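Please read the following walk through a protein chain with its three-dimensional view open beside the text.

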Amino acid sequence: MAVAQGAQMQQQQGDARFLTQFKRSELCSFFEAKGHCTKGDRCQFALGQAQLRSAPDLTKTSLCKKWLKFSCVVNGADCPFAHGWHDLRVTQAFNQGKKDGGHSAAASAVGGADRAESAESAGLRE
């Protein structure tokens, strides 16, 4: 039970880090329409152009599902998804403040080092 709770907590932390990357990357529709937002500084959206940030580049941050099924017809360099574990990367914003106990950030982002090892033994690495 404690292991399941720990895994759930780790997933929630990962979800929070993922969502934090997008904070203030879009304009608040209420602020744009009415000139104010009832959430104020707690709003996840930009309250005007001055607060607007660019969204993170998520290219190669997840494995190509078609590649995993040997059906991706796009060249690995041109596909926005990773064609193998070696192509995976994490965004700087996702990785900020992460203390993962020695696992690689890319492996942690896709399910942990054990998943990477099992994929290698299954012949999924290029």
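Lysine 60 is buried, with a relative accessible area of 14%, where buried means under 20% relative accessible area, exposed means over 50% and partly exposed lies in between, with a 1.4 Å probe and protein chains only. This is a predicted model, in which local features need pLDDT of at least 70, side-chain atom pairs count only at pLDDT 80 or more, and totals for chains, interfaces and linings use all residues. Residues are numbered from 1 along each chain as its sequence is written, and side-chain values use heavy atoms, with hydrogens and water left out. Lysine 60 lies in the loop between H2 and helix H3 (65–68), the helices being DSSP runs of H or I with at least four residues and the strands runs of E with at least two, numbered from the N terminus. Although lysine 60 is not a glycine, its phi is positive, at about 65°. A positive phi, near 60°, also occurs in phenylalanine 70, again a residue other than glycine. Phenylalanine 70 belongs to the loop between H3 and helix H4 (92–95), and it counts as exposed because its relative accessible area is 72%.

The loop between helix H1 (2–20) and helix H2 (29–34) holds glutamine 21, which counts as buried because its relative accessibility is 3%. Setting aside residues up to four places away in sequence, glutamine 21 touches Arg53, Pro56, Thr91, Ala93 and Phe94, a contact meaning heavy atoms within 4.5 Å. Lysine 23 is placed in the loop between H1 and H2 as well, but here the relative accessibility is 30%, so lysine 23 counts as partly exposed. Beyond its neighbours within four places in sequence, lysine 23 is in contact with Cys43, Gln44 and Arg53. Arginine 53 is 30 residues from lysine 23 along the chain, and the C-alpha atoms of the two are separated by 7.9 Å.

Cysteine 43 leads on to the question of sulfur pairs. A disulfide is a covalent bond between the sulfur atoms of two cysteines. With the criterion of a pair of cysteine sulfur atoms within 2.5 Å, the count comes to zero disulfides. Cysteine 43 is accordingly in no disulfide, the nearest cysteine sulfur being that of cysteine 37, 3.9 Å away. Cysteine 43 is also buried, as its relative accessible area is 3%. For cysteine 72, the closest cysteine sulfur is in cysteine 64, and the 3.8 Å between the two sulfurs is too far for a bond.

A pocket is found on a 1 Å grid over the protein atoms alone, as an open set of points where a 1.4 Å probe fits, with protein on both sides within 12 Å along at least five of seven lines, and lining residues have an atom within 4 Å of a point. The volume of this second largest pocket is about 160 Å³, a volume being the space filled by probe spheres set on the points. Its lining divides into five nonpolar, three polar and two charged residues, with Cys and Phe counted as nonpolar and Lys as charged.

Over the whole chain, the protein has six helices and zero strands. Of its 126 residues, 24% are buried. Among contacts with a separation of 6 or more, 42% are between residues 24 or more positions apart.
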